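Have the picture ready as we go.

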Protein chains: 2
Amino acid sequence: MKEQFQAYIQQLQDSICKTLENVDGKAAFKEDLWERPEGGGGRTRVIENGNVFEKGGVNISSVFGKLPEQLQKALNVSQGNFFACGLSLVIHPISPLVPTVHANWRYFEMYDDEGNIVTQWFGGGQDLTPYYLFNEDAIHFHQVCKDACDKHDTTFYPQYKKRCDEYFYNTHRNEGRGIGGLFFDYLKETDQISLQERYDFVTEIGNSFLNSYVPIVEKRKKLKYTLAQKDWQEIRRGRYVEFNLVHDKGTLFGLKTNGRIESILMSLPPKVQWHYNHLPEEGSEEEKLIKVLQEPKNWI
Amino acid sequence: MKEQFQAYIQQLQDSICKTLENVDGKAAFKEDLWERPEGGGGRTRVIENGNVFEKGGVNISSVFGKLPEQLQKALNVSQGNFFACGLSLVIHPISPLVPTVHANWRYFEMYDDEGNIVTQWFGGGQDLTPYYLFNEDAIHFHQVCKDACDKHDTTFYPQYKKRCDEYFYNTHRNEGRGIGGLFFDYLKETDQISLQERYDFVTEIGNSFLNSYVPIVEKRKKLKYTLAQKDWQEIRRGRYVEFNLVHDKGTLFGLKTNGRIESILMSLPPKVQWHYNHLPEEGSEEEKLIKVLQEPKNWI
């Protein structure tokens, strides 16, 4: 399974990068190969200062070794040796009318002292963070997520949509990071579902990613926007930073397992603002967004 | 002691704000009074878009109630009821040649079920974060810190200087947040030192703050700087955000005790940049700063 999923994320990284470069029309991804001293490494690909994308990364990594004690609890495991591989992407467009997107699909193995697999699982998801809310974009994104889920089990979408809303939530702000999507974790083999079926599901979701995001970018990328809208985007990006540094387990996992810092923190937006006690005007588009983020909506 | 220290931080807030307004010459602090639903409240004062200061806050607060379980461990206490008050300030100047400064002086009480004080202590410190390194400024800042410490005990400065270097350290970057200053915590009554003497020491440090920082601002505030230097400042401010959101216990304490978010996160810089894998040029002033941050120096 390890080899199968590693091969999958390699080709998925290629196809996502190629498509996003076409959408951008100017910038190309730059690649950094890196090794982790304790075991493993990765292929980081970053795009910056494009026509459409201000900063983005599409990274794959495979890391293994001894799991730091403080993470055993966070991951609900007691064994010490692990293997983890996955693809992780964050795209920050220039235009405040084009949403930021994040996705991650990963596979995890834990071993006993003899090196036998004790437990293994998939996790992942994709979620959208708009700065201005176009209902039809939110519906499109969720529809693609739902369609991909429904091919496997119609209970998946409502379940993983809910977990996404719960996970990508800035508890200290009482608002969601964005309008959600999918989030699933600890997808293990069960009596009813084989590990191969878990793989088929996760790769179905991975394969659906470009369909969920690219049509939205194409529809919004040429719209005019104001400097005030750009400021609003940069203020909202501050909330993105807060989530990633305070709450996100993936970032924590990377920082605590001595991951490659530049690959982990490539998720942070290029330009960000923090104003004191900034409040959007009543009845404005900005306020409309906040209200939706405070009460996760069913888009479908 | 509670009342004594509360009165002290109120007048200290007044005098710091007044002096900083004079240094700025344009902007004035705006005040927000707030209450904490679980007990207590604060007086937040924020300055923005001045001649000299881009964003800064000088806040006092007094909060009390039941201590969240997850914080008992972090604070090394097992009892459930607490009182905490303190002054906390962060000043982000416009010019990259003027350093950012942070300071905090606080008093803490823990109670048993009958409301008797079980333990009580002071904590605090002040530290400087330059974007360009002027050795004489670093020496001045540390000299003021040392002089204030030495009036009480000549072992304090070396001890609290070292703890400051250790505490304000971005472990995930292997570099200090800045060039340090003082950091002390759990200053309790002992056989040799009374609580009143602890108070005298902490207020001595608080009173020294303006002398440690204002002369540096005055010396640098009119120097010309380039846009590239401003970019560098904004990139370095990203490290400031990383420290505050990932490592800082004070921020964590505020977020987990349902503190007032805008008062806690007022510490975040107004404009920040994250570039992928940004490296300063060899032999540049920017590289010189990084090298000093990687190996804390004895300035005196």
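Q: How do you know that strand β6 and β9 of chain B pair, and which way do they run?
A: In this predicted model, six bridges join β6(B), residues 117-129, to β9(B). Pairing needs at least two bridges, so these strands count as a pair, and they run antiparallel. In this stretch, B:Phe122 stands opposite B:Leu187 of β9(B).

Q: What makes β1 and β9 of chain B edge strands?
A: The open sheet has seven strands in the order β1-β2-β3-β4-β5-β6-β9 (chain B), paired antiparallel. β1 (30-35) and β9 (180-187) of chain B each have a single partner strand, so one side of each has no neighbour in the sheet.

Q: Which strands of chain B does helix α5 lie across?
A: Helix α5 (residues 195-220) of chain B lies across β4 (81-93), β5 (100-111), β6 and β9 of chain B, at about 15° to β6(B).

Q: Why is α3(A) called oblique to α4(A)?
A: Helix α3 (residues 135-150) and helix α4 (residues 156-167) of chain A pack at about 130°, with axes 8 Å apart. Roughly perpendicular ends at 115 degrees and roughly antiparallel starts over 145, so α3(A) is oblique to α4(A).

Q: Which residues meet where α3(A) and α4(A) pack?
A: A:Cys145, A:Lys146, A:Cys149 and A:Asp150 in α3(A) meet A:Phe156, A:Tyr157 and A:Tyr160 in α4(A). Five of the contact residues are nonpolar, none polar and two charged.

Technical notes
Residues numbered from 1 in each chain as written. Chains lettered and ligands numbered in written order. Predicted model: local features only at pLDDT ≥ 70, side-chain atom pairs only at ≥ 80, totals over all residues. Helix = DSSP H or I, 4+ residues; strand = E, 2+ residues; numbered from the N terminus. Contact = placed C-beta atoms within 7 Å. Axes fitted to C-alpha atoms, helices over the stretch in contact; angles between N-to-C directions. Parallel < 35°, antiparallel > 145°, perpendicular 65-115°, else oblique. Nonpolar A, V, L, I, M, F, W, Y, C, P; charged D, E, K, R; others polar.
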